[in-house]
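Okay, thanks everyone for coming.

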Amino acid sequence: MASLFTARIRFRLLQVMGFFIGLVGQAVRAFGGPKLGSMITRPVSEPLLLLSGVQLAKLIRQRKVKCIDVIQAYINRIMDVNPLINGIVKYRFEEAKKEAHAVDMKLLENWEDDATLEKKWPFLGVPLTVKEAFQLQGTPNTSGLVNRRNVISKTDATVVALLKEAGAIPLGITNCSELCMWYESSNKIYGRSNNPYDLQHIVGGSSGGEGCTLAAACSVIGVGSDIGGSIRMPAFFNGIFGHKPSPGVVSNQGQFPMARGVQELFLCTGPMCRYAEDLVPMLRVMAGPGIKKLKLDEKVNLKDLKFYWMEHDGGSLLMSRVDQELIMAQKKVVAHLETVLGASVQHVKLKQMKYSFQLWITMMSAKGHDGKEAVKFIDLLNSHGKPISPLWELIKWCLGLSVHTIPVIGLALLEEKFKYDTEKYKKFKAMKESLLKELVEMLGDDGVFLYPSHPTVAPKHHVPLTRPYNFAYTGVFNALGLPVTQCPLGLNTKGLPLGIQVVAGPFNDHLTLAVAQYLEKSFGGWVCPGKF
């Protein structure tokens, strides 16, 4: 009887939770959430902020610009804009200024030619921001989890160390969703980040603080991670570039939470930036020895590429319908590729794409090669070794007493529903293999696939609670293990960013990166918030 009573209570609380979330969603749609006003961040007035990382490094190496002036310009911008967007959650300005002075002194004493200096330090003096989930020596590494609020990194994550060795100067760490498992960047330590194009809208997640920081010109290059779209969704919502590399190319070491078992195949660390020309140099640095797996030196003749496109997932009932403005933006790209570039472009219908969420969640919950189950989400929430009760946390949240966000509590409650199931795993693994085979054969080594980055533009705050599965537009490519670049395509009629994903076959990252640079030249790339 006791177990039956507990089951009924659990079911009732889940019903209440669903009802409450529905009310929140309705309120958000009706009233637009917190009354920030439809404000946007101020446009950029300092020319140094409008240069790519590659351009800044060149000017610094050639001693045409002092590194300290670049760093100070970015600090000034951050102090002006960050209070609005809450993208950077911990500054390291004093350290950055010392490092900038050291760069200027180094250049006074070292008169090697530009080519030699570029080989040594391709990002010499370039401002960098890092997702808080990565270790950056001397800064917090909590991933928004309150019980980690006193954790300070004693070393650097592998990619952070590589970028620092390449000359980049970290300005601070950026916000993320709690435990990096939701597509709105908000947590109980740092609060919520806001979209620089409209503060009432989300920045995405989990690398959302990085996305809005770059979009607001508070940084020029950044580090993100992606297990279900956590680079590409923020890049899309904030109108910048983000690349999810082929698996195993870039080290994931030095971030929390760290994927284990089969999940390691889906987690990818990659570059985020405002300017497409920074993508390849960043990837070269971040990949370290893994760069040998790619063909970044191979010249890409875009006219000879085969382009394929699909405007939606085929009609999944779990996800929103794709906005017409996003479809029109995609069709403009298709028309441009056909008429201006003269490339081969083909519309396709991949029927299994409508099962994107099921593919992702099944693969994420799969057992590893050693037969062990994936790390449980609820175990990551344990407070000092003590397990938490999701039901009790929900009650505490309703009373304003929980240290966790409602998405995390909801995920913990639903985790049992999505636990490993042998029959489901066999079914969706076969479906995944079939879809992957179809895509790989279609793309070959000279094809790319154009697909929506998300079914809607950046929604208002809290709306993701009513659309929890929309992330599958990006997550499916983690399950498939393919390289993807999110590319901005200007703004919609309400001033929010549009964009598109460019997908290639395994280890053909050079194709998506080449297309990203072409689309930037053809459609303008990043648009400064407040400019229009």
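**A buried glutamate and its surroundings**

Let me begin with E132: leaving out residues up to four places away in sequence, E132 touches V89, P140, N141, T142, S143, G144, I173, T174, C176 and Y190. Before I go on, please keep in mind that this is a predicted model.

So where does E132 sit? The place to look is the loop between β2, residues 127-131, and α6, residues 158-165. E132 is buried, yet it has no salt bridge. Which side chain of opposite charge is nearest to E132? That would be R148, and it is 7.0 Å away. For a salt bridge we ask for a side-chain nitrogen of Lys or Arg within 4 Å of a carboxyl oxygen of Asp or Glu. What E132 does have is a polar contact with T142, side chain to side chain, at 2.7 Å.

One of the residues on that contact list is S143, and S143 deserves a quick look too. It lies in the loop between β2 and α6. S143 is not a glycine, but its phi is positive, about 55°. And S143 counts as buried because its relative accessible area is 0%, with the cut-off for buried being under 20%.

There's another residue with that kind of backbone, R63, which isn't a glycine either and has a positive phi near 60°. You'll find R63 in the loop between α2 (53-61) and α3 (67-85). Buried or partly exposed, which is R63? Partly exposed, with a relative accessible area of 28%.

**The sheet**

Okay, on to the sheet. It's an open one of 11 strands with mixed pairing, and the order reads β1-β3-β2-β6-β8-β7-β12-β13-β11-β9-β10. At the edges are β1 (88-91) and β10 (344-347), each pairing on one side only. From one strand to the next, the twist averages 25°. As a reminder, strands of a sheet pair through backbone hydrogen bonds, either parallel or antiparallel.

Why do I call β11 largely enclosed by the rest of the structure? Because five of its five residues are buried. That goes for both faces: G447, F449 and Y451 are buried on one side, and V448 and L450 are buried on the other.

Now the neighbors of β11. With β9, residues 306-309, β11 pairs in the parallel sense over four bridges, and there F307 stands opposite V448. With β13, residues 497-504, β11 pairs in the antiparallel sense, again over four bridges. In that pairing, F449 has V503 as its bridge partner.

If you carry on from β9 to β10, you find a parallel pairing over four bridges.

**A helix across the strands, and an arginine**

What lies across these strands? Take a look at α16, residues 472-480: this helix lies across β6 (221-226), β7 (241-244), β11, β12 (484-491) and β13. Relative to β13, α16 runs at about 20°.

That takes me to R232, which is in helix α8, residues 232-237. At 0% relative accessibility, R232 counts as buried. Which side chain makes a polar contact with the side chain of R232? It's N478, at 2.6 Å. Apart from residues up to four places away in sequence, R232 touches D226, G242, K244, T474, F477, N478, V484, Q486 and Q501.

S206 is in the loop between β5 (191-192) and α7 (208-215). A cis peptide bond also joins F256 and P257, and there omega is about -5°. P257 lies in the loop between β7 and β8, the latter being residues 268-273.

And finally, L394, in helix α13, residues 390-398. L394 counts as buried, at 4% relative accessibility. How many residues apart in sequence are L394 and G410? The answer is 16, and in space they are 8.1 Å apart, C-alpha to C-alpha.

That's my tour, and I'm happy to take questions.

Definitions and conventions
Residues are numbered from 1 along each chain as its sequence is written. This is a predicted model: local features need pLDDT of at least 70, side-chain atom pairs count only at pLDDT 80 or more; totals for chains, interfaces and linings use all residues. Side-chain values use heavy atoms; hydrogens and water are left out. Buried means under 20% relative accessible area, exposed over 50%, partly exposed in between (1.4 Å probe, protein chains only). Helices (H or I, at least four residues) and strands (E, at least two) are DSSP runs, numbered from the N terminus. Two strands pair if DSSP finds at least two bridges between them. Lys and Arg count as positive and Asp and Glu as negative; His and the chain ends are not counted. A polar contact is a pair of N or O atoms within 3.5 Å; within protein, one must be able to donate a hydrogen and the other to accept it, and residues adjacent in sequence count only if both atoms are side-chain atoms. Contact means heavy atoms within 4.5 Å. Axes are lines fitted to C-alpha atoms, for helices over the stretch in contact, and angles run from 0 to 180 degrees between N-to-C directions.
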